[in-house]
Amino acid sequence: MEFFYTYETIKTALPLVDAKNADFAIFGVPFDSTTSYKPGARFGPALIRQATINLESYILDYDIDLADLKIADIGDIDIAAGNPLKTIKRIIETIRELKEANSKVVPIMLGGEHSMTYAPVRALKPKSYIVFDAHLDLRNEYESNPWNHACVARRISELGVEIAEFGIRSGIREEVEYAKEKNIRWVHAREYSFEKFKEIVKDMPEPVYISIDIDVFDLSMVPSTGTPEAGGLGFWDVIEAVEWLTKEKKVVGFDIMEVAGTELGDITALTGAKLMFYLIGMLSR
Ligand SMILES: [Mn+2]
């Protein structure tokens, strides 16, 4: 099978299969052109893959070994540097090709900046978008750019997808008003609880797409990210919520975005890699 992209390949310790035979297909989007604070998310996919070397493929609490699963790594999208919309189109095209070749495969996107999440949502057409993020990302535009990372949830809401956001602790009044107007539910990190999460998500339509902006976690766990924020969620908060979600709802794909930095295997990437292993594990149960 030919995809028109890819130049990075995986370095994990897992045995991998090709995309046609895979239950999960990992791909990277090494793009960070609209980052406003800390650049480096273009290295996220490589950093997460590198960090997986540190991890056991066996997940203790699930009694699942990722080495027994059918996981593909199809490489990185050949991004259009400085051009988010063009890159988004390439991702959409890639996901469509992937699904045509193997309709059962679950795409897993590693970012890259959060603006890129528009692409899998557009391609996979979920009815609900559930995001863990420090930021509302509901601006109409930022720096005159509607495809900036700060606008991604708004672009997704314009697709008619139901949205719920968790771990939020940064936004502006315009975003809060937009959320109210469009019935976008969001929970502040300070008020987050598993009970609240379930109450909001239980009635949302399926299938769902899950996006995890790594900055949802407290910045002590994820210092190398585009826009770090103090006061975030803990690792098990997110795992507990997503475990429930993968049990209760059909999930068509997920992403782990905004891992940045230049040190291979740094703590942000280790958090991202562990998260990816857990998500694959829970979707296999
Ligand atoms: Mn964010």
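Which residues are buried in α1? I looked this up in a predicted model. The buried residues of α1 are Gly44, Pro45, Ala46, Leu47, Ile48, Arg49, Gln50 and Ala51.

**Entry 1**

I then asked what covers the buried residues of α1. The cover includes β1, β4, β5 (106-111), β10 (251-257) and α8.

I next examined how α1 and α8 pack. Their axes are 8 Å apart, and the angle is about 70°. The two helices are therefore roughly perpendicular to each other, as an angle from 65 to 115 degrees counts as such. On the α1 side, the contact is made by Leu47, Ile48, Gln50 and Ala51. On the α8 side, it is made by Ala269, Leu270, Gly272, Ala273 and Met276.

I also followed Ile48 on its own. Leaving aside neighbours within four places in sequence, Ile48 is in contact with Leu110, Ile256, Val259, Ala269, Gly272, Ala273 and Met276.

**Entry 2: the nonpolar core**

I recalled that nonpolar side chains tend to be buried together in soluble globular proteins. The largest nonpolar core here has 88 residues. Which of its residues touch the most other members? I found Phe24, Ala25, Ile48, Ile210, Ile212, Ile256 and Met276. Helix α8 (residues 267-283) gives the most to this core, with 10 residues.

**Entry 3: strands β1 and β4**

I turned to Ala25 and its strand pairing. Strand β1 (residues 24-29) runs parallel to β4, and four bridges join the two. The bridge partner of Ala25 in β4 is Ala72. Why is β4 described as largely enclosed by the rest of the structure? I noted that five of the six residues of strand β4 (residues 71-76) are buried, which is the reason for that description.

**Entry 4: helices α6 and α7**

I compared the axes of α6 and helix α7 (residues 235-248). These axes come within 10 Å and cross at roughly 30°. That makes α6 roughly parallel to α7, because angles under 35 degrees count as such. Their crossing is right-handed. In α6, the residues that meet α7 are Phe194, Phe197, Lys198 and Val201. Their counterparts in α7 are Glu240, Ala241, Trp244 and Leu245.

**Entry 5: Pro207**

I located Pro207 in the loop between α6 (194-201) and β9 (208-213). The peptide bond from Glu206 to Pro207 is cis, with omega near -5°. Is Pro207 buried or partly exposed? Pro207 is partly exposed, because 14 other C-beta atoms lie within 10 Å, whereas a buried residue needs 20 or more. Not counting residues up to four places away in sequence, Pro207 touches Pro126, Lys127, Lys250, Val251 and Val252.

**Entry 6: backbone exceptions**

I recalled that most residues other than glycine have a negative phi, and that most peptide bonds are trans. I therefore recorded the exceptions below.

- The peptide bond from Gly111 to Gly112 is cis, with omega near 10°. Gly112 lies in the loop between β5 and α3 (118-124).
- Lys125 is not a glycine, yet its phi is positive, at about 50°. I found Lys125 in the loop between α3 and β6 (128-132). Lys125 is partly exposed, with 13 other C-beta atoms within 10 Å.
- Glu143, also not a glycine, has a positive phi of about 50°. Glu143 is placed in the loop between β6 and α4 (152-157). Glu143 counts as exposed, because it has 9 C-beta neighbours inside 10 Å and the limit is 12 or fewer.

Key:
Residues numbered from 1 in each chain as written. Predicted model: local features only at pLDDT ≥ 70, side-chain atom pairs only at ≥ 80, totals over all residues. Pairing = 2+ DSSP bridges. Core = buried A, V, L, I, M, F, W, Y, C linked by C-beta atoms within 7 Å. Contact = placed C-beta atoms within 7 Å. Axes fitted to C-alpha atoms, helices over the stretch in contact; angles between N-to-C directions. Parallel < 35°, antiparallel > 145°, perpendicular 65-115°, else oblique. Left-handed = near helix turned anticlockwise from the far one by under 90°.
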